[in-house]
Structures are given as C-alpha cells and as structure tokens.
Amino acid sequence: MAQHGGPQQRIFSPLRTALHRFAFILLIFSAFGLMLLGKADTVLIERIRAASADLVSPVMNIVSRPAASINELTDKIYNLAHLYEENERLRRENQQLLAWQQAARNLSHENARLRELATYTSPPALNLVTSRVIADMGGAYAHSVMISAGSRDGVTKGQAVISDEGLLGRVAEAGYQASRVLLITDINSRVPVVVENSRDRAFLSGDNTNRPLLTFLTADAAVAPGDRILTSGHGGAFPPGIPIGIVSSVSENAVRVAPLFRRHQLEYLRVADYGLQGILSEERIRQSHPTKDENTTELSPDIPDGVGIVPAAPDTAGEAQ
Amino acid sequence: MKPGVWQRLDIIARGLFPAFSVFVLLLINLLPISVPLLSTASPALALMAVFYWSVNRPDLLTGVTAFLLGLVQDLLMGLPLGVSPLVLLLVQTGSASQGRFFHNKPFSVMWWGFALVAIPALLVQWLLSSALIGALLPIKATLISYVLTAVLFPIVAWVLARAQNSLLRYV
C-alpha cells in the first residue's frame, strides 16, 4: 500500500510481477472452468445461487422498500395527472365487467350442474404464497426477479409465479428465505400454452425480448393478433388456464406474444403450489433411482394418472430439468 | 509508541472500501425500479466502479478482487457463471496498466477511456453469454445497456471520487 524504496524492493519486485502474471493466467483459466461448471448445471451451483440470494435478501428486503415508496410517489403523480381519463376508462370497463359478471354467474351455475352430472374430478386446489419482489435482475442477459419467500414458506423449484395480471414465470432456485423467479421472457423459459379461442397448443419460448415467441404451433393453427394465450397445464408444471398474454404480432415465421404483466411495476407476486410438481426437482430425480429395483409404485400417489412427467426410467428422468 | 490496533483496523477497513463500493453498486443494480427502460437493459454499475478503482487505486482493487466481484454478480443476477469474472478481470488488468495515462488529465479523458473500454467488455459479455446459453441474445438490449453505462459513468465516478477523497487520502 505505502510506497517503500530500498534493496528489498529491487529483489522482490520482479518476483512480484511474475507472481501477478501467474495469478492472472490462473484466474483466466478458473473463469473458463467456472463456465464449464455452470454449463454442467450441477446441484452445487444451484445451491450456491440460492444461498447467495439468501445472503443478500435481508439487505434487499430493506432497501427495496424506499425504492418501492419512491415508485409509489411517481405513480401517484402520474395518477393525479390522468385522473379524469382513468375514471372514464374505469366507468366504461365497469359496465362491461358487470355484464361479464352476470354471464360468469350463469356459467358457473351451469358448470357446477354439468360437473355433477358428469362426475367430474376437480383439479387439486391451489396453495398460494404471496411475497414481495425485492430485486429485479434487469439486464440484457437474464430476465429474472428475486422474491422474499423461500423454502421456509413452502416455495420450491418449478412452482408457477403469478402476478395480478397473469403468469409471470417459475421459481428457478429456492433458497431458505428468498428465491429467484425466471420470467417467461427469459431465454431459458418454455411454457406449454394454449390459444384461448382455437385451443391450439404451443410453447411460449422466451428470447430475452419483451415479446416471447409462440413456438411449436401446428401449421393449420388459427392465431390472430389479439388472441389470449393461457397456460395449458400440460406437463403438470403449471395450473391450466392462467392467462399469460395477448398475441401481439403474427408474421410468417414468428408469432409474438405481449405478456400481461408490466415488469417495471411488479411488487407483490403469488407463488402457486399446484401439488403436481411436473418439473422434476433434483430430489425427486434422486429419489426415483432406488425405487427402480424395489417397488416402483412408491412414486405414484403423488402424481395423478396422465398428468406430469412420470419418471419411468432413471436415465430419461435425468434429462428432464 | 507502536501503531494502535484500531489504527491498523481503520486502514484495513478503508482499504476494503473500493471492493465494498462495487458490491453496493451491484445491489443498487438489483433494486426493482419502476422505469420501463431499466427493466430490459440496466447500466453496468459494477463495471464503472471496477474501471474507476483500477485506474485510480489498482492497489486496492486487484485482479483477484475483480474476479470475485464478478462471481458475486453472476450468482446474484442469474447470469451464466464465469462470464462476469472474466470480463471484470480483463477490465481491471487492462485499466490498471493504463492507469498512469489518465493521471493529471481532465475528467473527460477518463470518460472517453471508459466509453472505449466498455465496448469490448460488454461485447465479450454478450458473446460469451450467448455462447453459453446456446442462442444469440438480442443485441439491442446490450446496446441500450452500453449507452446507459457510458452516459451514467460521470455520476458514479463523481460519487466514487468524493468517497476516495474523504476516505482514502492517507491510505
């Protein structure tokens, strides 16, 4: 730190530069080593990520509050300026919604009666955990947010995360008191969806833009701008029927969807435990190994027939994420 | 009179300030801010601070520190592991060796220097992230991020310079 002169300096300085150079090369190699390690996607990395989220979450929990109150203030100013227009819009919307309410009441009665007739088994009840957004990993490379709920609150990897407007993403890593949510716009996100009117199935694939792509659509699918996109519930990862977005553009080679949530205004989110756990967690994959030789029926009570990825053989289960 | 324990602890604490400031900027980067633009592309605050300290006090922010801070960034932001350590290490090494060039020059020279250094830094980050994810990431977000990073650098540098003058004058 302080500058020293003298003979000591003359002896040690070449040694020091050599050491520096060696350390530099070593660090470069370890950076590439980390890339390989991260690419292998081991449980270890996931645990470390979850632990680091846990570590900063108390700080972020506190400092995100003033940020939220500043946001509230700007919102209030904006709202004051647009009070009249907003009121008019809400009045019109309210009229429409009242009509819809009547329709929904009629339909729900009819639905209940039809279900009785058909002895329909209703899907498992949703278990919702509400939590606050404490960090937004905004950036050009990843689309995810951190929430202040973890395994302490019953949040586990793979659960669906829902905002007021619709599906937001899924839990990528769950720490003890904080978790990271991978948004549907992230390049690693794939969600099985269905087009509301035509019931065409597809995948919603994020590509790190604000408009994720609709992929694996059949050639004869009828999709038009303005169509609503819902989760299909296939694969058992997400509950069916959660609104995701609205088709924003249809061109020859790409159908893009505008998500319903506004990312910069996310504050409270709900994590939905559907009880299906379609996305296999590491624990379930490991659990499925010993049951191969002994009793394979051990896993079946958790997974209803025909729903979810049933880990048939351990080698295929390892490929599922 | 021998130097007191507290005095020594004080010097160590002050010496850790540059690394700590980068960490704080990382956390600021994570804050959920309700500006539509910032949710798609955010300024690389850690990059600014690493550049600033490498130019002004390379003895207090070494390559190892830059590497570790990059690792923290990757872990916290859910980025492909290993990219930020490499980028920050290269920026630290490159800027520290050119540090003398910026001494006793007006601030605008340092600003230009940073704007130049940030181009390859963000390009390498974009390229390696794309390669590791296995798909070309949209370059537009990186471009916006670059512009934000270059434009906001004076603010961060001003704050860090104030801190340097008040905390690190005798360290």
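The points below cover chain A and chain B of a predicted model.

1. Composition of chain A. Chain A holds five helices and twelve strands. Of its 321 residues, 31% count as buried. Among contacts between residues at least 6 apart in sequence, 58% join residues at least 24 apart.

2. Barrel in chain A. Six strands of chain A form a closed barrel in the order β6-β7-β8-β11-β10-β9, and the pairing is antiparallel. From one strand to the next, the twist averages 45 degrees.

3. In chain A, β6 covers residues 190-195 and β7 covers residues 201-205; five bridges join them in the antiparallel sense.

4. An unreviewed UniProt entry lists "transmembrane region" for residues 12-31, 67-91, 111-136 and 143-161 of chain B. Two of these spans can be set against the model. Residues 111-136 of chain B are 88% helix and 0% strand, with end C-alpha atoms 30 Å apart. Residues 143-161 of chain B are 100% helix and 0% strand, and here the end C-alpha atoms lie 27 Å apart.

5. Nonpolar core. The largest nonpolar core has 104 residues, and those touching the most other members are A46(B), M48(B), A49(B) and V50(B). Helix α4 of chain B, residues 45-56, gives the most to this core, with ten residues.

6. Contacts of A49(B). Leaving aside residues up to four places away in sequence, A49(B) touches S21(B), V22(B), L25(B), V156(B) and L160(B). For comparison with the record, the UniProt "transmembrane region" spans of chain B include 12-31 and 143-161.

Key: Residues numbered from 1 in each chain as written. Chains lettered and ligands numbered in written order. Predicted model: local features only at pLDDT ≥ 70, side-chain atom pairs only at ≥ 80, totals over all residues. UniProt positions renumbered as here; feature names shortened; annotations may be inferred. Helix = DSSP H or I, 4+ residues; strand = E, 2+ residues; numbered from the N terminus. Core = buried A, V, L, I, M, F, W, Y, C linked by C-beta atoms within 7 Å. Buried ≥ 20, exposed ≤ 12 C-beta atoms within 10 Å, placed from the backbone. Contact = placed C-beta atoms within 7 Å. Pairing = 2+ DSSP bridges. Axes fitted to C-alpha atoms, helices over the stretch in contact; angles between N-to-C directions.
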